[in-house]
Amino acid sequence: MPARARRTLFPEVVIERDSDTEKSSDDEEEVEDDVVESDDQEEDEVEVDARKVKEAEVSSPANKKGKAHITISLKKVCKVCKRTGHQAGFQGPTYIDCPMKPCFLCKLPGHTTVDCPHRAAMEFGVIPASRKRTNNSLDYVFERQVRHRVPSIKPEFVIPDEVNCAVIRYHSRRVTCLEFHPTNNNILLSGDKKGQLGVWDFGKVHEKTVYSNIHTCLLNNMKFSPANDGTVYAASSDGTMSSTDLETGLSTPLLDLNPNGWQGPNTWTMLYGMDLNAEKSLVLVADSSGFLHMVDTRSNSKKGNPVLIHKKGTKVVGLHINPFQPDLLLSCGNDHFVRIWDIRRLEPESCLHSLPHKRVVNSAYFSPLTGSKIVTTSIDNRIRVWDSIFGNLDTPSREIVHSHDFNRHLTPFRAEWDPKDPSESLVVVGRYISENYNGLALHPIDFIDISTGQLIAEVMDPNITTISPVNKLHPRDDVLASGSSRSLFIWRPKEKSDEVAQEKDERKIVVCDNRKNKKFGDGSDDDDDDDDDFKSKKGKKSGKSKGKKPILVTTPSSSKKKKF
């Protein structure tokens with residue numbers, strides 16, 4: 001007997017269309033390497049295709065009884081607040097805020113990122129302190145021992161604003177840290193998410209080496225040995241700190257916080273912040289649980305017991321030794337605090353002062369010459385400045401609004417000093433929110449005068465379409481090194497860059513694989529997961545990088561437009 005179709009009384013269906021036919025800006029965007037970022041990782045709302053729904057009225061007893069109709073809404077829904085009538089996200093190179101949320105840049109209500117006053121003129125984003133100096137006995141010490149080193153007339157800033165050379169897709173994963181050689185001006189060291197250590201001679205451009213057998217995941221920090229400039233110390237998220245000979249590539253583990261290997265995410269410890277105290281021959285390194293470890297470089301062994309310097313269970317992402325007084329240590333972490341320590345009496349809860357922040361602190365540095373100033377970078381889009389460590393540390397001297405609230409697929413932004421600036425007022429930091437430059441969505445690198453909060457310069461290249469969160473200024477030369485995705489770029493002042501090009505009669509760009517290089521940002525990481533996702537991979541080890549024949553692209557200096 002054939003099955004009989006069941007008769008069902010369907011209610012009347014009313015289709016409510018959205019009058020706005022403009023294409024939605026909530027399409028899927030790539031996070032880092034295609035240079036379109038979005039903090040909203042939630043799934044799109046389910047939409048009904050009106051063309052597939054038949055508009056038909058079905059007469060039924062339910063309709064005759066006056067029951068309510070079923071309405072299917074086709075209006076576009078905001079992914080941020082889940083309301084209709086507006087859109088949020090990127091429309092071309094322009095980021096549109098949700099009007100129901102505070103401004104993404106300054107985190108204040110009443111306006112959006114497009115018309116944020118701090119974006120139009122950065123100096124308006126400076127919040128001065130009510131009292132900068134305390135006029136106590138420490139001020140006398142500051143004036144006698146430190147202030148005389150700072151010139152009374154501020155020199156003119158020299159800004160590297162043109163790409164002089166680059167190595168494209170140098171690393172197999174995104175760049176995490178950079179370090180210049182202490183004696184050789186043309187050597188740049190770079191670390192990546194896979195734990196690889198790169199050595200690049202950007203003076204000869206094509207001379208480069210990548211050591212892939214030192215660490216198994218994120219290389220978070222590097223420092224040269226003060227006793228031997230051919231040795232570099234490195235701290236990694238695999239829980240080890242190593243000493244590597246740059247000539248041979250041989251590495252010696254000095255500290256291993258996971259000697260038993262992978263025992264689950266609750267027992268795995270990672271290393272982040274690191275710095276050296278040359279006077280005491282110590283390497284100080286901090287982990288993901290809030291502890292500080294010390295290693296004696298003379299015996300290559302651990303010294304003492306770890307000390308809890310931040311809230312237990314939180315990452316200590318940055319350490320910095322004061323250049324004028326090496327016994328002072330600056331630390332910052334995910335517990336929203338920056339702390340000043342005396343390493344001669346390191347004990348839990350014995351810090352000299354705590355500097356509170358509203359959100360996670362990415363970096364904290366003493367000023368490079370006198371060590372009297374402090375600059376911090378927090379993901380609340382604030383760069384905070386303290387003009388004197390001898391003054392009032394309860395509140396910062398200035399808060400500068402800047403776009404660096406990064407997402408999980410990026411290396412954290414850090415505002416770093418220019419070590420050559422005698423006035424100790426120039427810092428460099430990458431920008432997160434893209435800007436519209438003649439129809440191109442580019443992410444410039446900002447040079448900021450922290451004494452006034454003024455944006456001195458924003459440098460960009462139309463071929464670099466990726467974000468540049470890792471930036472390092474040369475300690476002796478007018479050079480800026482940038483790590484953008486997996487590529488490295490060397491910037492020089494336009495005049496000097498032209499002089500160098502005339503001497504060599506060419507500019508060189510090295511491409512490290514055979515894929516087409518339409519733009520610098522055309523090399524994306526297919527599986528660039530979050531740093532913490534390493535814990536869920538059960539100690540997944542990275543293999544050695546496959547040997548790829550590099551392509552050397554040269555551009556004559558006489559050409560008006562660079563074609564990389």
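Analyst: A contact means that heavy atoms lie within 4.5 Å. Among contacts in the chain between residues at least 6 apart in sequence, 57% join residues at least 24 apart. The model is predicted: local features need pLDDT of at least 70, side-chain atom pairs count only at pLDDT 80 or more, and totals for chains, interfaces and linings use all residues. Residues are numbered from 1 along each chain as its sequence is written, and side-chain values use heavy atoms, with hydrogens and water left out.

User: Why is Asp296 called buried, and why is Arg298 called exposed?

Analyst: Buried means under 20% relative accessible area, exposed over 50%, and partly exposed in between (1.4 Å probe, protein chains only). Asp296 has a relative accessible area of 12%, so it is buried. Arg298 stands at 62%, and therefore counts as exposed. In the chain of 564 residues, buried residues make up 53%.

User: What makes the pair Asp296 and Arg298 a salt bridge?

Analyst: A salt bridge requires a side-chain nitrogen of Lys or Arg within 4 Å of a carboxyl oxygen of Asp or Glu. For Asp296 and Arg298 the N to O distance is 3.2 Å, so the pair qualifies. A search of the whole structure finds 19 salt bridges.

User: What makes E32 and E33 paired strands?

Analyst: Helices (H or I, at least four residues) and strands (E, at least two) are DSSP runs, numbered from the N terminus. Two strands pair if DSSP finds at least two bridges between them. Strand E32 (residues 445–449) and E33 have five bridges in the antiparallel sense, so they pair. In E33, Glu458 is the bridge partner of Asp446.

User: Why are E28 and E33 called edge strands?

Analyst: The open sheet of four strands has the order E28-E29-E32-E33, with antiparallel pairing. Strand E28 (416–417) and strand E33 (454–459) each pair on one side only, and are the edge strands. The secondary structure of the chain comes to four helices and 38 strands.
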